[in-house]
Amino acid sequence: MKKAIVVVDMQRDFVDGALGTQEAQAMLPRLLQKLKEEWEQGSFMIFTKDTHTADYLQTQEGKKLPVKHCIKGTAGWELVPELQRYADMGVLVVEKPSFGAVRLPEHLKDAKEIELVGLCTDICVISNALLLKAFFPETPIRVDASCCAGVTPETHKKALDAMRMCQIDVRE
């Protein structure tokens, strides 16, 4: 596999739902264009889905972020409608109960380069970028900042700076 695109948590709750932001909504057209181009070039794509259960508020994360979101089976857990067609065409979708998708490395071990896009830059994108960098220190790991959004613009920028410090290539 030449290039892999990891699309992190592009779910309704993070775009226009419980934890949605204007930045996530504004970024979506750029992401759609990028994915169209990558699909046409034959890049391998994998989507992650933040996946919680009904007892979310009793979890450690739920106690620190007491906003129910991405509860499996709810509308907010679903991919944004504009991306559902990729899942329907067979793009691998990996559910993850926490910030990092620990199953990602097994699916990306043959990638010559890995690029991450999606939400939220300052939580799940950075977690997965660092996880992949730890597993694949010699594989170029990139983040397309124009196709990401953070919880706030300030924390988005801080996460990009932190990733740069960890030798992840950030493209603006």
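Predicted model: local features only at pLDDT ≥ 70, side-chain atom pairs only at ≥ 80, totals over all residues.
**Exercise 1. Describe the salt bridge between glutamate 40 and lysine 36, and classify each residue by its accessibility.**

Solution. The side chains of glutamate 40 and lysine 36 meet at 3.0 Å, taken from N to O. Both residues are in helix α2 (residues 22-40), four residues apart, or about one turn of the helix. To classify them, recall that exposed means over 50% relative accessible area and buried under 20%. Glutamate 40, at 56%, is therefore exposed. Lysine 36, at 39%, falls between the cut-offs and is therefore partly exposed.

The count for the structure comes to 13 salt bridges. Salt bridges also link Lys3, Lys34, Glu38, Glu115 and Asp144 in a network.

**Exercise 2. Determine whether strand β2 is enclosed or open to the surroundings, and name the strands that pair with it.**

Solution. Six of the seven residues of β2 are buried, so the strand is largely enclosed by the rest of the structure. Strand β1 (residues 3-8) pairs with β2 in the parallel sense over five bridges. Strand β3 (residues 92-96) also runs parallel to β2 and is joined to it by five bridges. Isoleucine 46 illustrates both pairings: this residue of β2 is the bridge partner of valine 6, and it stands opposite leucine 92 in β3.

**Exercise 3. Describe the surroundings of aspartate 50.**

Solution. Aspartate 50 is located in strand β2, which spans residues 44-50. Its relative accessibility is 2%, so it counts as buried. Its side chain makes a polar contact of 2.9 Å with the side chain of histidine 52, and another of 3.2 Å with the side chain of histidine 69. Beyond its neighbours within four places in sequence, aspartate 50 is in contact with several residues, among them Asp9, Cys70, Trp77 and Lys96.

**Exercise 4. Examine the backbone geometry of aspartate 9, cysteine 70 and cysteine 120.**

Solution. Most residues other than glycine have a negative phi, and most peptide bonds are trans. Aspartate 9 has a positive phi, near 50°. This residue lies in the loop between β1 and α1 and is buried, with a relative accessible area of 0%. Cysteine 70 likewise has a positive phi, of about 50°. Cysteine 70 is in the loop between α3 and α4 and is buried, at 0% relative accessible area. Lastly, the peptide bond from leucine 119 to cysteine 120 is cis, with omega near -25°. Cysteine 120 is found in the loop between β4 and α6.

How values were computed. Residues numbered from 1 in each chain as written. Heavy atoms only, no water. Helix = DSSP H or I, 4+ residues; strand = E, 2+ residues; numbered from the N terminus. Buried < 20%, exposed > 50% of the residue type's maximum accessible area, 1.4 Å probe, protein only. Polar contact = N/O pair within 3.5 Å; in protein donor to acceptor, adjacent residues only side chain to side chain. Contact = heavy atoms within 4.5 Å. Salt bridge = Lys/Arg side-chain N within 4 Å of Asp/Glu carboxyl O. Pairing = 2+ DSSP bridges.
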